Amino acid sequence: MTTGADNSWYLLRFGAGGAAHNMAFDEALLESVAAIGRPVLRFYGWTEPAATFGYFQKYADIAQWTLLRPLIRRPTGGGLVPHDADWTYSLAFSPLAPWYALSAVESYRRIHEWIQTAFAKMGIATTLAPCCRKALPGQCFAGHEKFDVLWHDRKIAGAAQRRNRHGLLIQGSVQPPPVKILRADWEDIMSAVGESYLGVKRELFTPETGLINRVSELTAKTYSQVAYNQRR
């Protein structure tokens, strides 16, 4: 790992993972990002249709709103997010990173400006929602929150955040608009745009053994456990 003295950030294009593994990896990144010493942007997919829901949500409520299974509790807040056709990413910052000092609202706006800029570079015009529009409770993509990314007034990107003594974790979902774009191209452009939003160059990230072991532990003992996911 590094102290971050070279002033760069890490990119991890993970590929597809199981639902429990995906959530475990994001939590492990949050726990480890201070030791890693640099921001980490991770793109990942899903080996199975699934849905996630916020840390403080009630499982019984969420279970009525989707037929997608598995249904996994996220380490961040927010409501129900389907992962049957979306593009997902996470961003982790240490407490020493400038982004960590942003308010939750400013952090939310900035990550969605980043996504909006990436879509613009692909020739897709989007807007940031000027205010929230509530639909059914707890369902992230049924309505929208202020600063969500909209395409023709339809929400296509939202996120959830968690800030603690370890750092800041942002988990985001993009429901791509029905136009001809490739996920790999979007990830390439997101990564390139990230250099301007983070103000530094990116490097590819190879997780170390300790991080991989922690992911395995969280997967087995937390996120794959029915008792954990249904505890509220």
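Analyst: Contact means heavy atoms within 4.5 Å. Among contacts in the protein chain between residues at least 6 apart in sequence, 70% join residues at least 24 apart. This is a predicted model, where local features need pLDDT of at least 70 and side-chain atom pairs count only at pLDDT 80 or more, while totals for chains, interfaces and linings use all residues. Residues are numbered from 1 along each chain as its sequence is written, and side-chain values use heavy atoms, with hydrogens and water left out.

User: How do you know that the radius of gyration agrees with a compact globule?

Analyst: The radius is taken over C-alpha atoms, and the globule rule is 2.2 Å times the number of residues to the power 0.38. For 232 residues a compact globule would have a value near 17 Å, and the protein chain has 17 Å, so the two agree. The C-alpha trace spans about 50 × 45 × 30 Å along its principal axes.

User: What makes up the count of helices and strands?

Analyst: Helices (H or I, at least four residues) and strands (E, at least two) are DSSP runs, numbered from the N terminus. The protein chain has 6 helices and 11 strands.

User: Why is Phe147 called buried?

Analyst: Buried means under 20% relative accessible area, exposed over 50%, and partly exposed in between (1.4 Å probe, protein chains only). Phe147 has a relative accessible area of 17%, so Phe147 is buried. Phe147 lies in the loop between β7 (127–128) and β8, and its phi is near 80 degrees, a positive value in a residue other than glycine.

User: Is His152 buried or exposed, and why?

Analyst: The relative accessible area of His152 is 68%, therefore His152 is exposed. His152 sits in the loop between β8 and β9 and has a positive phi of about 50 degrees, although it is not a glycine. Over the protein chain, buried residues make up 53% of the 232 residues.

User: What makes a nonpolar core, and which residues of the largest one touch the most other members?

Analyst: A nonpolar core is a set of buried Ala, Val, Leu, Ile, Met, Phe, Trp, Tyr and Cys residues joined through side-chain atoms within 4.5 Å. The largest has 35 residues, of which Tyr89, Trp99, Trp114, Ile115 and Trp186 touch the most other members. Its largest share, 6 residues, comes from α3. Leaving aside neighbours within four places in sequence, Ile115 is in contact with Tyr89, Val149, Ala157, Val174, Trp186 and Met190.
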